[in-house]
Amino acid sequence: MSTPRRLDGPALWPAQAHVPSVLGRQLVIDRGAGSYIWTTDGRRLFDGTAGLWHANVGHGRHELARVAAEQMQRLETYHIFGRFVNDKALALGERLAAMSPIPDAKVILNSGGADSIEVACKLARRHWQREGRSTKTIVLSREYAYHGLHAFGTSIAGLDFNREGYGTESLVPETARIPLHDLDAAAAVIADIGAENIAALVTEPVLGTGGVHPPREGYLAGLAALCRDNDILLIFDEVITGFGRTGTMFAAERFGVTPDLLTFAKGVTSGYAPLGGVLVSQQIWQPFYLDERNTPIFRHGATYAGHATAAAVALANLDILDREGLLERVKELEAQLAEGLARLDVTRPSVSEVRVCGLLAGVALTDDYDAVAVTDALLDRGFVARPLRGNTVQLSPPFITTDAELAELIGALDDTLAEQEQK
């Protein structure tokens, strides 16, 4: 047997990649403006995925760069441990609490979405230990879910390939999954494990990386009722959906559900600075705020939690969302996106299902076609899309996308599918 040749390439290890499949094919992005990005070899691409679901206000916003530069010159950051805090972290906390779908929320800040999931799961378990209910440690999540790739995120992933290869079924052992849409099956899982052993249930309101799956009518309300009836904390992972992606500031508002904890990231800065966090309900934070000698401490914190520059950028980004009416714009674009993709669903034999919620869409292909090949062909036409689980093509363009640009994106997908059907 011959020894495989070792591949060479850049020192940077590509993320989430089968390395032999991408070396020599990587697109090096060196600038962006509006809804477009450019490669170092001069290709102009419409960013049909808003990066990794985050470039909501578009690329190249001079206002956000100016805010970051001014803040760095004044104070790049200072930690928020103990008695110390910086003014921008305080201001952002107040702004986020005021817009939170969780009443009277406190805000824990950190560096991104995976960090936020780590904090929320730890805090859920800490809550029940403090309550003296020591058996409540298991964290439930949904089939096909994605919650980042830190220890908890890896452990609660509903995408099995993200949990495999680490020598154990789950890095954090106390985890389990419920089916994607089935409330009765979820109730059966809870009954089988025992509610007395379950700390929390984590769900994306709209499953993203798992294939863009909006909730079925009444599903999230039913899930919330299941949690409430069984003393299980409900955690909404709004890393993708938060800050307007579904046409409301948070998907919790669109679906009329109030979780106990809510994680956010991406859209809070539109990707201009790494920042995430957790909105925490009163029942969870209040015991840590009592004026008593034996009040507990939540032992969590990170160097860049409440990073002053990231917080300043977030505040300016939220100003843009408000000033430009971008949440209303998402609702307009949702209608156009749903109408355009519905035509593909009817006319294209390669399409098995279209799923749209806000400015999020998944176009699932039949088994005879390959989402990877389709997204590669779209790149050749100048449009970025992304293949996801379930042979699905993801579309989630920036909120500033024009009607004409969205029509061009849908048209390019239509033309690409027609071309694939001829092969």
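**Ground rules.** I number residues from 1 along each chain as its sequence is written, and side-chain values use heavy atoms, without hydrogens or water. Because the model is predicted, local features need pLDDT of at least 70 and side-chain atom pairs count only at pLDDT 80 or more, while totals for chains, interfaces and linings use all residues.

**Entry 1, the sheet.** I looked up an open sheet of 4 strands, with antiparallel pairing and the order β11-β12-β15-β14. Strands (E, at least two residues) and helices (H or I, at least four) are DSSP runs, numbered from the N terminus. Two strands pair if DSSP finds at least two bridges between them. β11 (351-356) and β14 (386-388) are at the edges with a single partner strand each, so one side of each has no neighbour in the sheet. On average, neighbouring strands are turned by 25° against each other, direction ignored. I then followed β14 to its partner β15 (residues 392-395): 3 bridges join the two, which run antiparallel. In this pair P387 stands opposite V393.

Helix α12 (residues 326-347) lies across β11, β12 (361-365) and β15, at about 170° to β11. Axes are lines fitted to C-alpha atoms, for helices over the stretch in contact, and angles run from 0 to 180 degrees between N-to-C directions.

A nonpolar core is a set of buried Ala, Val, Leu, Ile, Met, Phe, Trp, Tyr and Cys residues joined through side-chain atoms within 4.5 Å. Buried means under 20% relative accessible area, exposed over 50%, and partly exposed in between (1.4 Å probe, protein chains only). The largest core has 80 residues, and L96, F243 and L341 have the most contacts inside it. Helix α11 (residues 308-323) gives the largest share, 9 residues. This core lies between domain 1 (19-60 + 325-421) and domain 2 (64-324), because both give residues to it. The domain bounds come from an automatic or database domain assignment. Leaving aside neighbours within four places in sequence, I found L96 in contact (heavy atoms within 4.5 Å) with residues including V107, F243 and L318.

I counted 13 of the 16 residues of α11 as buried. G325, with a positive phi near 60°, follows α11.

D8 lies in the segment before α1 (19-22). I found D8 exposed, at a relative accessible area of 66%. From D8 to L417 is 34 Å, C-alpha to C-alpha, and 409 residues in sequence.
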